[in-house]
Amino acid sequence: MSVTKLLLTAAAAMAFVPGAGAASDEAPRVSLRLSSELTTGIASAAPAAAAQPAIPKPVLQGTKDYRIGPEDLLEIQVFGVDQLTRTVRVNSRGNISLPLIGNVQVGGLTGSEAEAVIVSKLSESYLQDPQVSLFIKEYTSQRVVVEGAVNKPGVYPLRGSTSLLQTLAMAGGQGSLSEMKEVMLFRTDTAGRKETFVYDVDRIRSGEVDDPVVVSEDLIVVKRNPARVFFKDSVVHDFMEWLNPFR
């Protein structure tokens with residue numbers, strides 16, 4: 001048989017083999033096993049992912065210009081890195097300790113300024129464009145003074161947003177001679193002006209008026225009720241005490 005006939009016979013045979021006469025529509029599938037180094041290299045060469053959404057900023061309690069002080073409790077979150085989320089208390093030197101970056105000086109800074117410091121330190125060696133959220137849970141360096149006819153007058157720290165009724169409760173509640181219809185609150189504003197407010201605590205308790213929020217350095221004075229004082233100092237009171245079998 002000549003060479004020409006052999007070639008024609010082979011071509012005719014291939015025409016009856018499925019898929020043999022034309023190129024397959026699908027490319028052959030090849031399974032590759034990559035080393036960790038190659039996998040890392042490919043991942044870094046991949047197109048950049050879409051920008052991550054910014055962390056929603058929680059509303060800080062108190063004024064926006066409040067500066068962090070010793071014993072304040074801070075909640076710090078790093079978007080996408082749950083291991084770095086921490087609730088930490090500021091020490092007496094104004095420092096906090098965080099993973100990777102160690103001690104961070106936050107005393108005297110606002111919440112936004114402290115966030116920027118943490119972002120800067122994380123960006124130096126560890127994370128690319130980290131998104132940090134800082135929330136002041138307790139700002140114990142803010143204080144309020146309560147004096148007058150309460151059971152425990154004194155200076156009390158404000159742990160978060162605190163109302164007038166809550167402050168009076170911290171001071172042990174009203175005393176036996178208190179006048180709760182005219183509780184005085186003295187405040188100095190940011191311009192140094194003195195302000196005086198008078199509150200009827202009985203109406204606040206009944207829900208007739210709102211319970212006001214106190215701020216740092218407020219002075220609350222609970223006056224004594226003149227009628228109760230007169231009765232206590234009067235002869236009638238002495239006589240009633242003399243009749244009291246449990247005195």
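Me: How do strand β9 and β10 pair, parallel or antiparallel?
Reply: They're antiparallel: β9, residues 178-188, pairs with β10 over six bridges. Two strands count as paired if DSSP finds at least two bridges between them. This is a predicted model, where local features need pLDDT of at least 70 and side-chain atom pairs count only at pLDDT 80 or more, while totals for chains, interfaces and linings use all residues. Residues are numbered from 1 along each chain as its sequence is written, and side-chain values use heavy atoms, leaving out hydrogens and water.

Me: Ok, and which residue is the bridge partner of Arg187 in β10?
Reply: That's Glu195.

Me: What actually holds strands of a sheet together when they pair?
Reply: Backbone hydrogen bonds, with the strands either parallel or antiparallel.

Me: So what order do the strands of that open sheet come in?
Reply: The order is β7-β6-β12-β9-β10, five strands with mixed pairing. At the edges you've got β7 (154-157) and β10 (194-199), each pairing on one side only. From one strand to the next the twist averages 20°, going by lines fitted to C-alpha atoms (for helices, over the stretch in contact), with angles from 0 to 180 degrees between N-to-C directions.

Me: Which aromatic pair is there?
Reply: Phe197 and Tyr199, and they're stacked, at 6.3 Å centre to centre with 20° between the planes. The rule is that rings of Phe, Tyr and Trp (its six-membered ring) pair if their centres lie within 6.5 Å; planes under 30 degrees apart are stacked, over 60 edge-to-face, and the rest tilted. By this rule the count is one aromatic pair.

Me: Why does Phe197 count as partly exposed?
Reply: Because its relative accessibility is 26%. Buried means under 20% relative accessible area, exposed means over 50%, and partly exposed is in between (1.4 Å probe, protein chains only).

Me: New topic: what does strand β1 pair with?
Reply: One partner is β2: β1 (residues 73-78) and β2 (residues 86-89) run antiparallel over four bridges. There, Ile76 stands opposite Arg86. Six bridges also join β1 to β5 (residues 132-138), again antiparallel. In that pairing Gln77 faces Ser133 of β5.

Me: How far is Ser133 from Ala116?
Reply: They're 17 residues apart in sequence and 9.6 Å apart in space, C-alpha to C-alpha. Ala116 belongs to helix α3, residues 111-125, and is partly exposed at 48% relative accessible area.

Me: Last one: how many helices and strands does the protein have?
Reply: Seven helices and twelve strands. Both are DSSP runs numbered from the N terminus: helices are H or I with at least four residues, strands are E with at least two.

Me: And how much of the protein is buried?
Reply: Buried residues make up 30% of the 247 residues.
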